[in-house]
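These notebook entries record what I looked up in one structure. I began with the surface and went on to strands, core and rings.

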Amino acid sequence: MTKKNLSIKTINLLEYYSTLNFINFFSNDLTKSKQNSPNKEQLIIELFKETNSHFVLKKNNNLFFKGNPNSSIMILGDYPDENDIKNQEIFSESKGELLTKMLYAISLGKEEYYLSNIYFDKEINIKNKSDFYRDILFKHIKIIKPKYILLLGEVVYNFFNNSNKKILDLHGQWGEIIIDKYKFNTFSTLTPDHLLRTPEYKKLAWEDLKKFKNEIFKN
C-alpha cells in the first residue's frame, strides 16, 4: 500500500510511532551508557590507586574512605594514627566509636555521611607534601560533591584556610571553600582524639554538633 492510499490520520500515526522508536533507540543507548559509567566509589578507588605509590605506607581502600559517597555530608579528619595504620581502617577503634556516637546523637547514621582524611601518611611523613595532598583532596571532594563538609580539628581547618589557628578559637564556625566552580559549606569542630584526651571539651563539641544539625536539617 502506497502512502497516497493511506488516510491522513493513519499517516500521522505511522510518523508518530516512527518518532517514538527513534527516541527510544537513543534513550536505550543513554541508559546503557549511564549504566556503564563509573560510580563515585569506582572513581575514588581509581583516584587512590593512581596516588598510592606516593605514600610511604601502602594502603587499602578502607584507610582512604568510609561511608556513603553519595551523601551530602563529607567529614574530614587529619591523618591516620597508629591504630588506623595497624587496622588499615580510617577512624578505627576508640576514636571511630566516639565519632559514630557523636554523629548518631544528631540523627546521622553510618550510611548518611562520608568519612575521609586530608592526609594518608603518619604525621612525620606529610611534611613538604602539601601540594600533593591538596591535589588529591580537591579531586576527592569534586567526586563526592558534598553540600556540607565537617572539618575535624585545627589541622584540617588550617589546611584549607592557609592559617595557623587553634581549634578552641575556631570551633563552631561556618565557612566555605571554593574549588574550581564549586562552593562547599564548611563547619569546624574538635576531633574525637582531642575529646578522648580532654573529655571536658565534649560539651563544646556537643554544642557545635547541635548547631551543625540545625543547618543540615533546616530544609
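**Surface and totals.** I computed the accessible area of the protein chain by the Shrake-Rupley method with a 1.4 Å probe, where for residues only the protein chains shown count as cover. The protein chain exposes about 13,100 Å², and carbon and sulfur atoms supply 51% of this area. The model is a predicted one, in which local features need pLDDT of at least 70, side-chain atom pairs count only at pLDDT 80 or more, and totals for chains, interfaces and linings use all residues. Residues are numbered from 1 along each chain as its sequence is written, and side-chain values use heavy atoms, with hydrogens and water left out.

I then looked up burial, taking buried as under 20% relative accessible area, exposed as over 50%, and partly exposed as in between (1.4 Å probe, protein chains only). Of the 219 residues of the protein chain, 41% count as buried. For contacts I used heavy atoms within 4.5 Å. Among contacts between residues at least 6 apart in sequence, 71% join residues at least 24 apart.

**Strands.** I took helices (H or I, at least four residues) and strands (E, at least two) as DSSP runs, numbered from the N terminus. The protein chain has nine helices and six strands.

I checked the cover of strand 4 (residues 148-152) and found five of its five residues buried. Tyr148, Leu150 and Leu152 are on one side, with Ile149 and Leu151 on the other. Threonine 189 is also buried, at a relative accessible area of 0%. Beyond residues up to four places away in sequence, threonine 189 touches Leu150, Leu151, Leu152, Gly153, Ile167, His171, Ala205 and Asp208.

**Core.** I defined a nonpolar core as a set of buried Ala, Val, Leu, Ile, Met, Phe, Trp, Tyr and Cys residues joined through side-chain atoms within 4.5 Å. The largest such core has 53 residues, and those with the most contacts inside it are Leu76, Ile141 and Phe212. Helix 5 (residues 130-144) gives the most to this core, with six residues. I noted as background that in soluble globular proteins nonpolar side chains tend to be buried together.

I listed the neighbours of leucine 76, leaving out residues up to four places away in sequence; among them are Asn117, Leu137, Ile141, Leu150 and Phe160.

**Asparagine 117 and tyrosine 79.** Asparagine 117 is found in strand 3 (residues 114-117) and is buried, with a relative accessible area of 4%. Tyrosine 79 is in the loop between strand 2 and helix 3 (82-87) and counts as buried at 18%. How far apart are the C-alpha atoms of tyrosine 79 and asparagine 117? They are separated by 5.8 Å, although the two residues are 38 apart along the chain. The contacts of tyrosine 79 include Lys95, Asn117, Tyr119 and Val155.

**Rings.** I paired rings of Phe, Tyr and Trp (its six-membered ring) if their centres lie within 6.5 Å, with planes under 30 degrees apart counted as stacked, over 60 as edge-to-face and the rest as tilted. The count comes to 18 aromatic pairs. Phenylalanine 55 and phenylalanine 132 form an edge-to-face pair, 5.8 Å centre to centre with 65 degrees between the planes. This pair links distant parts of the chain, 77 residues apart: phenylalanine 55 lies in the loop between helix 2 (40-51) and strand 1 (65-67), phenylalanine 132 in helix 5. Phenylalanine 55 counts as buried at 2% relative accessibility.

Tryptophan 174 and phenylalanine 187 form a tilted pair, at 4.8 Å and 55 degrees. Tryptophan 174 lies in strand 5 (residues 174-179) and phenylalanine 187 in strand 6 (residues 182-189), so the pair ties together parts that are 13 residues apart in sequence. Tryptophan 174 is partly exposed at 31%, whereas phenylalanine 187 is buried at 0%.
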